[in-house]
Amino acid sequence: MVNGISQANGVSVQVDEMEDVQLLVEHLAQAGHKRIGYYGGHENSDLPQRHYSVISREKAYRENMDRLGLTCSSEPADYNINPIDFLTKCMQQGEMTAVIC
């Protein structure tokens, strides 16, 4: 299993969500982006809660944006908007110069 917890005697591969997002935010900031959006996906009504990786990535995004003195896209993230509507809103309103998805 990748990016999940396996059953007993199973094998899983985990990624460092926090470090990956930190590197991504830093890279975009170094490229001159000041308004970096974050889209963590929309709620899936079939699941009881968001996947831990989504929670970790959003936490890392907010922490690193704050650390670098950059403005987050929204407070809190809107999990009811689909990706096309989110990106359209970003482009039309000129809110962001980059988006992490």
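Entry 1: I began with glutamate 17 and arginine 57, whose side chains meet in a salt bridge at 3.0 Å, N to O. I count a salt bridge when a side-chain nitrogen of Lys or Arg lies within 4 Å of a carboxyl oxygen of Asp or Glu. Glutamate 17 sits in helix H1 and arginine 57 in helix H2, 40 residues apart, so the pair links distant parts of the chain. For helices I take DSSP runs of H or I with at least four residues, for strands runs of E with at least two, numbered from the N terminus. Glutamate 17 counts as buried at 7% relative accessibility, while arginine 57 is partly exposed at 24%. My cut-offs are under 20% relative accessible area for buried, over 50% for exposed and partly exposed in between, with a 1.4 Å probe and protein chains only.

**Entry 2: ground rules.** I am working with a predicted model, where local features need pLDDT of at least 70 and side-chain atom pairs count only at pLDDT 80 or more, while totals for chains, interfaces and linings use all residues. Residues are numbered from 1 along each chain as its sequence is written, and side-chain values use heavy atoms, leaving out hydrogens and water.

**Entry 3: further salt bridges.** How many salt bridges does the structure hold? I find four. One of them joins glutamate 26 and arginine 67, with the closest N and O atoms 2.7 Å apart. This pair also links distant parts of the chain, with glutamate 26 in helix H1 and arginine 67 in helix H2, 41 residues apart. Arginine 67 is partly exposed, at 46%. Another joins the side chains of glutamate 58 and arginine 62 at 3.1 Å, N to O. These two are about one helical turn apart because they lie four residues from each other in helix H2. Glutamate 58 is buried at 10%, and arginine 62 is buried at 17%.

**Entry 4: helix H1.** I checked its span: 14 residues reach 20 Å from the first C-alpha to the last, close to the 20 Å expected at 1.5 Å a residue (1.5 Å times one less than the number of residues). Which residues of H1 are buried? They are Glu17, Val21, Val25 and Leu28. The buried residues of H1 pack against S1, H2 and S2, a contact being heavy atoms within 4.5 Å. Glycine 32, with a positive phi near 100°, follows H1.

**Entry 5: the cores.** The largest nonpolar core has 13 residues, and Val25, Ile36, Tyr61, Met65 and Ile100 have the most contacts inside it. I define such a core as buried Ala, Val, Leu, Ile, Met, Phe, Trp, Tyr and Cys residues joined through side-chain atoms within 4.5 Å. H1 (17-30), S1 (36-38), H2 (52-67) and S2 (98-100) each supply at least two of its residues, and the largest share, four residues, comes from H2. Apart from this core lies another of five residues, including Tyr39, Phe86, Cys90 and Met96.

**Entry 6: the whole chain.** I noted three helices and two strands, running α-β-α-α-β from the N terminus. Of the 101 residues, 29% are buried.
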